[in-house]
Amino acid sequence: MQSPDMEETIAAVGTIISKWDLYEDSGGGGGVGPPFINKHRKEAEEFIAAVQDLHTAMEYLVSTKSPSTMLLVQGQHLLQAAMNKLQKEFFSVLKNNMHYLRPGTLISNTLLSRTTDSLAISSSNCLSTMSLSVSPSLESSGEAGLSIQAMNDLKMISDCMISSGYGEECVSVYKITRKSVVDEDLYHLGISRSGSSSSSSSSRRMNWEAIELEIKRWLNAVGLAVKTTFNGERILCEHVFSAAPAIQESCFSEITRDGARALFDFPNEIAGDKNLWKKSPERIFRVLDLYEAIVSLRLDLELIFSFDSTSSIRLQAESSLQLLGGAVKLMIKGFESAIHMDSSKTPVPGGGLHPLVRYVMNFLVFLSDYDDVMSGILADWPLHPQSSLPESYFEPPPESGSNDGISTNVCERFAWLILVLLCKIEGKAERYRDFGLKYLFMANNLQYVVGKVRSSNLQHLLGGGWLSAHEEKVSHYVADYESLEWSKVTSALNGYDPTAEISMEQAKQLFERFNNAFDEVRRRENVWVVADRELREEIRALVARNVVPAYRNMYEKCRGALGRVADGAGVESAVRLAPEDVEKHLLELLSGAGGSGAGSASPLSSDHSSPSHFESW
């Protein structure tokens, strides 16, 4: 390129820049206005092309043996003026299109995404290799078009400035402007640069209800922050600075680093403050919610924060998982210890359901719904050898331990906790002096355990073998109760020869013995209770099968002997119950006036939580 050519290039560029000056001086009145601001693509492209020609001409001039100093100075001044105007235009596009460049708008209006929800990226996960496209559903949408246009304008300006050696000026404007947008988005989600809405120091002064509210807010915010705010910013960075990967990384890292750190400070604070969760076992569910939320975003975080300079965010998220997982393990240990240390000594009236069983099983039912999350936490935490389960007690379900199945450690942990509970209940059963009531107590409580397992995800974790074995144990307890409690009654029905004739005196003695035995059982069991309707009907049916037919036979046999007494004298006093009366009394069996302690406070929680509290989670 000869000097005259250089002079012509400078003159042409000067004319275009002067036209831009005219736009600015007149405020666009009567003219086309600043090209980028007013979306005049032809004028904008003309200006960019002129600047690129100027830069190319200056590079050529520098490479010659005797460059013209005057032309170089003139060209440099002109290039500087052009860059100042482009920097100004760059800021104007960012500011005037702020709504269309918000992360949520970008996600909605484009097919580009780094999240697992819409993984429209190449196998190399390189977004910059893709062309920007409008979502088909929004192809005719003015908002989608404006988003794309603004992104393309920014890219055009940044490409020109970076290639001309003015990338720093472009980047400084971008970082300042976009950081304010990202920080504002996070603020509206409840995430501030000081952490979450509750800091570590303030959390110690807040009650659990207030902290729980903060956790719920964080859970609602974290997915939007990662999949929308950070993802949208990554999309914009990679498109605008597609020609300069290092600048992409620098901009994205500086814009999002503080907000991302603040986002994951909150779960770290919760997990690290034992005073927040050690007082009440059921707080484990909120800790698990935090863990589950981060795990569900793990791949998204790896994709969005894939730069080396943002590796600290990935590490912080992994650290949160470690801390939360550790907290869960400690809470499970504390829960088991609380079962062991339960010191309630007063027997439950009527052999009913013990509050400890109700509380523990409700807790485990809710905990079993987190089996997938628990698999990750307990993967490296098998039962201690001293806590190993007897093979006769538990065999993990066949599907456990497989790639798609639940962790064997999880299955064994639940089985172990229930075993600890049943052992504790067996110890409490020893406080009943009446052996029949002891067996009824064990049947009541084991039936409740079995029912909870059968009707929840615990069935999947413990397997059909466990259920069958414990249902059989319930049947054994019922049989032992029936044998001990009703043996005197059934013996009274077998004290005669059904083939021999019975005298009136023998008949009276038989009825008297039956009445006494039957009344004694009814009186003693008046306050005994079986809360489970199915089990109660099963016990009633068992007793009725053993008592009613035998009584009916004796009744028919002995009533004939008593009927020979003149005018039926002595019949009414001896025969008080017809077979139908006995059957009716048995239908009222075990509906006792005593309670099961269902209204008692939780024996494990300082919050005095009841089963109804779990239902609110």
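In this predicted model, the sulfur of Cys160 has its closest cysteine sulfur in Cys170, at 9.8 Å, which is too far for a bond. A disulfide would require the two sulfur atoms to lie within 2.5 Å. The structure as a whole holds zero disulfides. Cys160 is itself buried, with a relative accessibility of 0%. A relative accessible area of 0% is likewise computed for Cys411, and Cys411 is therefore classed as buried.

Thr310 belongs to the loop that links helix H12 (298–304) to helix H13 (311–341). The relative accessible area of Thr310 is 2%, so this residue counts as buried, the limit for that class being under 20%.

With a relative accessible area of 22%, Leu189 is partly exposed, because burial would require a value under 20%. Apart from neighbours within four places in sequence, the residues in contact with Leu189 are Ala221, Leu224, Ala225 and Thr229.

The packing of two helices was then considered. Helix H14 (residues 355–368) and helix H17 (residues 435–454) have axes that come within 10 Å of each other and cross at roughly 15°. Since angles under 35 degrees count as roughly parallel, H14 and H17 are assigned to that class. The crossing of H14 past H17 is right-handed. On the H14 side, the contact is made by Val357, Arg358, Met361, Asn362 and Val365. The residues supplied by H17 are Asn445, Tyr448, Val449, Lys452 and Val453. By residue class, the contact of H14 with H17 comprises six nonpolar, two polar and two charged residues.

Notes
Residues are numbered from 1 along each chain as its sequence is written. This is a predicted model: local features need pLDDT of at least 70, side-chain atom pairs count only at pLDDT 80 or more; totals for chains, interfaces and linings use all residues. Side-chain values use heavy atoms; hydrogens and water are left out. Buried means under 20% relative accessible area, exposed over 50%, partly exposed in between (1.4 Å probe, protein chains only). Contact means heavy atoms within 4.5 Å. Helices (H or I, at least four residues) and strands (E, at least two) are DSSP runs, numbered from the N terminus. Axes are lines fitted to C-alpha atoms, for helices over the stretch in contact, and angles run from 0 to 180 degrees between N-to-C directions. Angles under 35 degrees count as roughly parallel, over 145 as roughly antiparallel, 65 to 115 as roughly perpendicular and the rest as oblique. A crossing is left-handed if the near helix is turned anticlockwise from the far one by less than a right angle, and right-handed if clockwise. Ala, Val, Leu, Ile, Met, Phe, Trp, Tyr, Cys and Pro count as nonpolar, Asp, Glu, Lys and Arg as charged, and the others, Gly among them, as polar.
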